[in-house]
Amino acid sequence: MSTGKELLIVGAGLTGALTAAFLARSRPEIAATVWEKSRGTGGRMSTRRSAAEPALRVDMGAQYISRFKPRPQQPKSSESEKLKEDIYSRLIADGIIVPFSGTIEGERAESVLCNYVAPEGLNNIVKYFLASSSAVTHFEHQMVRAAYGERQDANKVWCSTTSGTRIAADCLVLTMPTPQILKLEGDLLSPTGPDTRANLEGVRYSSRYALGLFYCDADDALLQLAHGSWSAKYFDDPIIRYASWDARKRASRTRGQALLIHTSVPFGIEHSETDKATVQALILKSLNELIPGLPPHSDSHLVRWKYSQVSRPYPGTPGYVVLSERPLVVATGDAFSGSNFEGCLQAAQATAKLIASSL
(Lines give C-alpha, C1' and ligand atoms only; values in the text may rest on other atoms or scores of the structure.)
Protein backbone atom coordinates (compact mmCIF):
# COMPACT_ATOMS: atom_id res chain seq x y z
CA MET A 1 0.00 0.00 0.00
CA SER A 2 1.34 3.43 -0.94
CA THR A 3 2.18 5.95 1.77
CA GLY A 4 1.09 8.79 -0.48
CA LYS A 5 4.56 10.28 -0.03
CA GLU A 6 6.38 11.47 -3.14
CA LEU A 7 10.13 10.84 -3.31
CA LEU A 8 12.15 12.49 -6.07
CA ILE A 9 15.72 11.34 -6.78
CA VAL A 10 17.70 13.61 -9.10
CA GLY A 11 20.33 11.70 -11.05
CA ALA A 12 20.21 8.18 -12.55
CA GLY A 13 23.84 7.44 -11.75
CA LEU A 14 25.15 4.86 -9.31
CA THR A 15 24.17 6.62 -6.07
CA GLY A 16 20.67 7.41 -7.29
CA ALA A 17 20.10 3.86 -8.55
CA LEU A 18 21.41 2.29 -5.33
CA THR A 19 19.30 4.59 -3.14
CA ALA A 20 16.17 3.65 -5.11
CA ALA A 21 17.05 -0.07 -4.87
CA PHE A 22 17.68 0.01 -1.12
CA LEU A 23 14.38 1.83 -0.50
CA ALA A 24 12.51 -0.67 -2.66
CA ARG A 25 13.71 -3.40 -0.28
CA SER A 26 13.10 -1.57 3.02
CA ARG A 27 10.11 0.65 2.15
CA PRO A 28 8.50 -0.65 -1.06
CA GLU A 29 5.37 1.42 -0.39
CA ILE A 30 7.23 4.72 -1.03
CA ALA A 31 6.64 5.97 -4.58
CA ALA A 32 9.97 7.01 -6.09
CA THR A 33 10.59 9.08 -9.22
CA VAL A 34 14.02 9.57 -10.80
CA TRP A 35 14.92 12.54 -13.00
CA GLU A 36 17.95 12.17 -15.25
CA LYS A 37 19.12 15.04 -17.45
CA SER A 38 20.73 12.85 -20.12
CA ARG A 39 19.17 10.29 -22.46
CA GLY A 40 20.30 7.25 -20.49
CA THR A 41 21.40 5.85 -17.15
CA GLY A 42 24.91 5.64 -15.80
CA GLY A 43 26.15 9.09 -14.89
CA ARG A 44 29.91 8.72 -14.64
CA MET A 45 29.41 4.98 -15.24
CA SER A 46 28.79 5.73 -18.90
CA THR A 47 29.14 3.16 -21.68
CA ARG A 48 29.22 4.24 -25.33
CA ARG A 49 28.45 2.14 -28.40
CA SER A 50 30.07 2.55 -31.79
CA ALA A 51 27.77 4.14 -34.36
CA ALA A 52 29.20 1.85 -37.05
CA GLU A 53 29.18 -1.36 -34.98
CA PRO A 54 26.63 -1.17 -32.10
CA ALA A 55 27.89 -4.40 -30.52
CA LEU A 56 31.26 -2.69 -29.98
CA ARG A 57 31.23 -0.59 -26.82
CA VAL A 58 33.55 1.26 -24.49
CA ASP A 59 33.29 2.44 -20.86
CA MET A 60 33.82 6.21 -21.04
CA GLY A 61 33.87 6.98 -17.31
CA ALA A 62 34.61 4.47 -14.57
CA GLN A 63 36.69 1.59 -15.93
CA TYR A 64 36.34 -1.11 -13.29
CA ILE A 65 35.17 -1.38 -9.71
CA SER A 66 37.58 -2.13 -6.90
CA ARG A 67 36.71 -4.13 -3.83
CA PHE A 68 38.89 -2.80 -1.05
CA LYS A 69 40.31 -4.69 1.88
CA PRO A 70 38.51 -4.11 5.19
CA ARG A 71 40.13 -1.43 7.29
CA PRO A 72 41.91 -2.72 10.41
CA GLN A 73 39.32 -1.03 12.64
CA GLN A 74 36.44 -2.42 10.54
CA PRO A 75 36.01 -6.21 11.06
CA LYS A 76 34.40 -8.44 8.44
CA SER A 77 31.37 -8.79 10.71
CA SER A 78 30.60 -5.05 10.49
CA GLU A 79 27.38 -3.89 8.84
CA SER A 80 29.20 -2.15 5.98
CA GLU A 81 31.26 -5.27 5.19
CA LYS A 82 28.12 -7.44 5.23
CA LEU A 83 26.46 -5.00 2.84
CA LYS A 84 29.42 -5.11 0.45
CA GLU A 85 29.46 -8.91 0.57
CA ASP A 86 25.75 -9.00 -0.25
CA ILE A 87 26.01 -6.53 -3.15
CA TYR A 88 29.08 -8.12 -4.73
CA SER A 89 27.56 -11.60 -4.38
CA ARG A 90 24.34 -10.50 -6.10
CA LEU A 91 26.16 -8.78 -8.96
CA ILE A 92 28.38 -11.82 -9.54
CA ALA A 93 25.56 -14.36 -9.27
CA ASP A 94 23.46 -12.43 -11.79
CA GLY A 95 26.36 -12.10 -14.23
CA ILE A 96 26.52 -8.29 -14.01
CA ILE A 97 30.20 -8.27 -13.00
CA VAL A 98 33.11 -10.71 -13.32
CA PRO A 99 36.63 -10.60 -11.88
CA PHE A 100 39.10 -8.54 -13.91
CA SER A 101 41.39 -11.21 -15.33
CA GLY A 102 43.76 -8.97 -17.27
CA THR A 103 46.78 -6.90 -16.29
CA ILE A 104 46.60 -3.28 -15.11
CA GLU A 105 50.07 -1.79 -15.42
CA GLY A 106 50.86 1.00 -12.98
CA GLU A 107 47.87 0.38 -10.69
CA ARG A 108 48.23 1.34 -7.03
CA ALA A 109 46.69 -1.80 -5.62
CA GLU A 110 47.96 -2.00 -2.03
CA SER A 111 44.47 -1.69 -0.53
CA VAL A 112 42.58 -3.49 -3.33
CA LEU A 113 41.25 -6.99 -2.69
CA CYS A 114 39.85 -7.56 -6.20
CA ASN A 115 38.85 -5.65 -9.33
CA TYR A 116 35.69 -6.36 -11.33
CA VAL A 117 34.49 -5.47 -14.81
CA ALA A 118 31.02 -5.57 -16.36
CA PRO A 119 30.82 -7.73 -19.53
CA GLU A 120 28.02 -5.56 -20.95
CA GLY A 121 29.54 -2.26 -19.84
CA LEU A 122 29.64 -0.57 -16.43
CA ASN A 123 26.41 1.33 -17.00
CA ASN A 124 24.73 -2.08 -16.82
CA ILE A 125 25.39 -2.00 -13.06
CA VAL A 126 23.30 1.17 -12.75
CA LYS A 127 20.56 -0.33 -14.95
CA TYR A 128 20.56 -3.43 -12.74
CA PHE A 129 19.88 -1.49 -9.55
CA LEU A 130 17.27 0.76 -11.16
CA ALA A 131 15.49 -2.32 -12.50
CA SER A 132 15.43 -3.83 -9.00
CA SER A 133 13.74 -0.71 -7.62
CA SER A 134 10.15 0.42 -8.06
CA ALA A 135 11.27 3.86 -9.25
CA VAL A 136 9.88 5.45 -12.40
CA THR A 137 12.76 7.03 -14.35
CA HIS A 138 12.33 10.01 -16.67
CA PHE A 139 15.19 10.87 -19.02
CA GLU A 140 16.02 14.30 -20.44
CA HIS A 141 14.62 15.85 -17.26
CA GLN A 142 17.15 18.44 -16.14
CA MET A 143 16.23 20.01 -12.81
CA VAL A 144 16.66 23.79 -12.66
CA ARG A 145 14.61 24.92 -9.67
CA ALA A 146 13.66 23.79 -6.16
CA ALA A 147 11.55 25.94 -3.84
CA TYR A 148 9.74 25.43 -0.54
CA GLY A 149 6.15 26.20 0.33
CA GLU A 150 4.84 26.93 -3.13
CA ARG A 151 1.10 26.52 -3.79
CA GLN A 152 0.40 26.89 -0.06
CA ASP A 153 2.02 23.60 1.00
CA ALA A 154 4.95 24.29 3.29
CA ASN A 155 5.74 20.58 3.78
CA LYS A 156 6.72 19.98 0.17
CA VAL A 157 9.54 21.06 -2.06
CA TRP A 158 8.47 22.06 -5.57
CA CYS A 159 10.90 20.94 -8.26
CA SER A 160 10.97 22.02 -11.91
CA THR A 161 12.84 20.96 -15.05
CA THR A 162 13.97 22.95 -18.05
CA SER A 163 10.97 21.64 -19.99
CA GLY A 164 8.49 22.79 -17.34
CA THR A 165 7.76 19.47 -15.61
CA ARG A 166 6.93 20.05 -11.92
CA ILE A 167 6.74 17.73 -8.92
CA ALA A 168 5.73 18.51 -5.34
CA ALA A 169 8.02 16.17 -3.38
CA ASP A 170 7.83 15.15 0.26
CA CYS A 171 11.48 14.13 -0.01
CA LEU A 172 14.14 15.29 -2.47
CA VAL A 173 17.44 13.44 -2.98
CA LEU A 174 20.13 15.26 -4.96
CA THR A 175 22.95 13.08 -6.32
CA MET A 176 24.46 15.51 -8.83
CA PRO A 177 27.85 17.25 -8.29
CA THR A 178 27.70 19.98 -5.65
CA PRO A 179 28.39 22.87 -8.08
CA GLN A 180 25.17 21.92 -9.89
CA ILE A 181 23.26 21.93 -6.59
CA LEU A 182 24.54 25.42 -5.85
CA LYS A 183 23.35 26.66 -9.25
CA LEU A 184 19.73 25.57 -8.77
CA GLU A 185 17.17 28.37 -8.81
CA GLY A 186 14.87 28.82 -5.82
CA ASP A 187 15.46 28.80 -2.08
CA LEU A 188 16.82 25.26 -1.65
CA LEU A 189 19.60 26.25 0.77
CA SER A 190 17.56 28.74 2.82
CA PRO A 191 17.11 26.36 5.81
CA THR A 192 20.85 25.71 6.03
CA GLY A 193 23.49 27.69 7.86
CA PRO A 194 26.52 29.41 6.33
CA ASP A 195 28.78 26.46 7.17
CA THR A 196 26.74 24.09 4.97
CA ARG A 197 26.95 26.43 1.99
CA ALA A 198 30.67 26.99 2.57
CA ASN A 199 31.31 23.23 2.76
CA LEU A 200 29.32 22.63 -0.43
CA GLU A 201 31.31 25.36 -2.17
CA GLY A 202 34.51 23.78 -0.86
CA VAL A 203 34.00 20.43 -2.61
CA ARG A 204 36.50 20.04 -5.45
CA TYR A 205 36.49 17.80 -8.52
CA SER A 206 39.14 16.77 -11.00
CA SER A 207 38.46 17.31 -14.71
CA ARG A 208 39.62 15.20 -17.62
CA TYR A 209 38.75 14.11 -21.14
CA ALA A 210 37.82 10.59 -22.21
CA LEU A 211 38.34 9.48 -25.82
CA GLY A 212 36.89 6.24 -27.13
CA LEU A 213 38.38 4.92 -30.37
CA PHE A 214 36.56 2.17 -32.24
CA TYR A 215 38.27 -0.20 -34.68
CA CYS A 216 35.42 -2.12 -36.30
CA ASP A 217 37.63 -4.21 -38.57
CA ALA A 218 40.55 -5.33 -36.43
CA ASP A 219 43.45 -6.54 -38.58
CA ASP A 220 46.29 -8.77 -37.37
CA ALA A 221 48.54 -5.82 -36.45
CA LEU A 222 45.85 -4.25 -34.26
CA LEU A 223 45.00 -7.58 -32.64
CA GLN A 224 48.67 -8.04 -31.78
CA LEU A 225 48.73 -4.62 -30.13
CA ALA A 226 45.45 -5.27 -28.29
CA HIS A 227 46.59 -8.65 -26.99
CA GLY A 228 49.96 -7.47 -25.73
CA SER A 229 51.13 -7.47 -22.14
CA TRP A 230 48.43 -5.22 -20.66
CA SER A 231 44.65 -4.80 -20.73
CA ALA A 232 44.85 -1.42 -19.06
CA LYS A 233 47.76 0.86 -18.26
CA TYR A 234 48.49 4.04 -16.32
CA PHE A 235 50.99 6.29 -18.10
CA ASP A 236 53.38 8.91 -16.78
CA ASP A 237 52.59 11.34 -19.58
CA PRO A 238 51.51 15.00 -19.52
CA ILE A 239 48.50 14.31 -21.75
CA ILE A 240 47.48 10.66 -21.38
CA ARG A 241 47.05 9.18 -17.91
CA TYR A 242 45.25 5.91 -18.66
CA ALA A 243 44.41 3.62 -21.58
CA SER A 244 42.58 0.32 -21.89
CA TRP A 245 41.68 -2.13 -24.60
CA ASP A 246 38.04 -2.23 -23.66
CA ALA A 247 36.99 -5.49 -25.32
CA ARG A 248 39.97 -7.27 -23.80
CA LYS A 249 39.36 -5.67 -20.41
CA ARG A 250 35.83 -7.11 -20.39
CA ALA A 251 36.92 -10.43 -21.98
CA SER A 252 34.51 -9.71 -24.82
CA ARG A 253 34.45 -11.76 -28.00
CA THR A 254 32.92 -8.91 -29.98
CA ARG A 255 34.25 -8.37 -33.48
CA GLY A 256 36.60 -5.39 -33.51
CA GLN A 257 38.38 -3.51 -30.75
CA ALA A 258 37.88 -0.32 -28.74
CA LEU A 259 40.62 1.72 -27.12
CA LEU A 260 39.74 4.06 -24.25
CA ILE A 261 41.93 7.01 -23.29
CA HIS A 262 41.66 9.15 -20.15
CA THR A 263 43.72 12.32 -20.12
CA SER A 264 45.63 13.67 -17.18
CA VAL A 265 43.85 16.12 -14.87
CA PRO A 266 46.29 19.00 -15.66
CA PHE A 267 45.56 18.55 -19.38
CA GLY A 268 41.82 18.52 -18.69
CA ILE A 269 42.05 21.76 -16.70
CA GLU A 270 44.36 23.47 -19.19
CA HIS A 271 42.08 22.66 -22.13
CA SER A 272 38.71 23.06 -20.39
CA GLU A 273 37.63 25.65 -22.98
CA THR A 274 39.50 24.25 -26.00
CA ASP A 275 37.37 23.06 -28.92
CA LYS A 276 36.94 19.29 -29.07
CA ALA A 277 38.62 18.84 -32.47
CA THR A 278 41.83 20.40 -31.15
CA VAL A 279 41.69 18.36 -27.94
CA GLN A 280 41.22 15.11 -29.87
CA ALA A 281 44.12 15.93 -32.20
CA LEU A 282 46.42 16.54 -29.20
CA ILE A 283 45.36 13.27 -27.57
CA LEU A 284 45.88 11.28 -30.77
CA LYS A 285 49.34 12.79 -31.30
CA SER A 286 50.40 11.72 -27.81
CA LEU A 287 48.73 8.31 -28.22
CA ASN A 288 50.62 7.52 -31.40
CA GLU A 289 53.87 8.27 -29.58
CA LEU A 290 52.94 6.01 -26.64
CA ILE A 291 51.43 3.19 -28.76
CA PRO A 292 53.02 3.36 -32.21
CA GLY A 293 51.52 1.42 -35.08
CA LEU A 294 47.85 2.12 -34.42
CA PRO A 295 45.77 2.02 -37.61
CA PRO A 296 43.14 4.69 -38.37
CA HIS A 297 40.06 4.32 -36.19
CA SER A 298 36.64 3.89 -37.80
CA ASP A 299 34.66 5.79 -35.17
CA SER A 300 35.37 7.90 -32.09
CA HIS A 301 33.66 9.64 -29.19
CA LEU A 302 35.13 12.39 -26.98
CA VAL A 303 33.69 13.39 -23.61
CA ARG A 304 34.79 16.07 -21.21
CA TRP A 305 34.24 14.98 -17.63
CA LYS A 306 34.01 18.36 -15.89
CA TYR A 307 33.28 16.60 -12.60
CA SER A 308 35.36 13.44 -12.94
CA GLN A 309 36.34 12.48 -9.40
CA VAL A 310 36.08 14.18 -6.03
CA SER A 311 39.46 15.53 -4.93
CA ARG A 312 38.19 17.36 -1.83
CA PRO A 313 34.99 15.93 -0.25
CA TYR A 314 32.45 17.55 2.03
CA PRO A 315 33.98 17.13 5.51
CA GLY A 316 32.69 14.82 8.21
CA THR A 317 29.44 13.45 6.81
CA PRO A 318 27.88 9.96 7.07
CA GLY A 319 27.44 9.87 3.27
CA TYR A 320 24.97 12.74 2.93
CA VAL A 321 24.10 16.19 4.22
CA VAL A 322 20.58 17.27 5.17
CA LEU A 323 19.60 20.58 3.57
CA SER A 324 16.08 20.59 5.05
CA GLU A 325 14.40 18.34 7.62
CA ARG A 326 10.79 19.07 6.61
CA PRO A 327 10.37 18.55 3.78
CA LEU A 328 13.37 16.23 3.81
CA VAL A 329 16.01 17.38 1.31
CA VAL A 330 19.27 15.43 1.15
CA ALA A 331 22.43 15.89 -0.91
CA THR A 332 24.35 12.65 -1.31
CA GLY A 333 26.88 10.89 -3.53
CA ASP A 334 30.64 10.56 -3.78
CA ALA A 335 31.16 14.16 -2.59
CA PHE A 336 30.04 12.94 0.84
CA SER A 337 31.75 9.53 0.99
CA GLY A 338 34.39 8.53 -1.57
CA SER A 339 34.82 8.70 -5.34
CA ASN A 340 34.52 4.97 -6.02
CA PHE A 341 31.91 2.20 -6.08
CA GLU A 342 32.09 1.49 -2.36
CA GLY A 343 31.87 5.20 -1.54
CA CYS A 344 28.64 5.47 -3.52
CA LEU A 345 27.41 2.27 -1.84
CA GLN A 346 28.03 3.79 1.59
CA ALA A 347 26.33 7.07 0.67
CA ALA A 348 23.27 5.35 -0.82
CA GLN A 349 22.82 3.00 2.13
CA ALA A 350 23.02 5.85 4.65
CA THR A 351 20.64 8.00 2.60
CA ALA A 352 18.10 5.20 2.19
CA LYS A 353 18.17 4.53 5.97
CA LEU A 354 17.52 8.21 6.68
CA ILE A 355 14.58 8.35 4.27
CA ALA A 356 13.10 5.06 5.52
CA SER A 357 13.08 6.37 9.08
CA SER A 358 11.75 9.82 8.14
CA LEU A 359 8.86 9.20 5.73
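Q: What share of the contacts between residues at least 6 apart in sequence joins residues at least 24 apart?
A: In the protein chain that share is 71%, where contact means heavy atoms within 4.5 Å. This is a predicted model, in which local features need pLDDT of at least 70 and side-chain atom pairs count only at pLDDT 80 or more, while totals for chains, interfaces and linings use all residues. Residues are numbered from 1 along each chain as its sequence is written, and side-chain values use heavy atoms, with hydrogens and water left out.

Q: How many helices and strands?
A: The protein chain has ten helices and 21 strands. Both are DSSP runs numbered from the N terminus: helices are H or I with at least four residues, strands are E with at least two.

Q: What does the radius of gyration say about how compact the chain is?
A: The radius of gyration is 21 Å, close to the 21 Å from the globule rule for 359 residues, so the protein chain is as compact as a globular protein of that length. The radius is taken over C-alpha atoms, and the rule is 2.2 Å times the number of residues to the power 0.38.

Q: And the spans along the principal axes?
A: About 70 × 45 × 35 Å for the C-alpha trace.

Q: How much of the chain is buried?
A: 52% of the 359 residues. Buried means under 20% relative accessible area, exposed over 50%, and partly exposed in between, with a 1.4 Å probe and protein chains only.

Q: Switching to Glu81: buried or exposed?
A: Glu81 counts as buried, because its relative accessibility is 6%. Glu81 sits in helix 2, residues 79-93.

Q: Which side chain does the side chain of Glu81 join in a polar contact?
A: That of Lys84, at 2.7 Å. A polar contact is a pair of N or O atoms within 3.5 Å; within protein, one must be able to donate a hydrogen and the other to accept it, and residues adjacent in sequence count only if both atoms are side-chain atoms.

Q: What does Arg90 touch?
A: Leaving out residues up to four places away in sequence, Arg90 touches Arg25, Tyr128, Phe129 and Ser132. Arg90 is also found in helix 2.

Q: Where is Pro318?
A: In the loop between strand 19 (299-312) and strand 20 (320-325). Pro318 is partly exposed, at 45% relative accessible area. Pro318 touches Gln346 and Ala350, not counting residues up to four places away in sequence.
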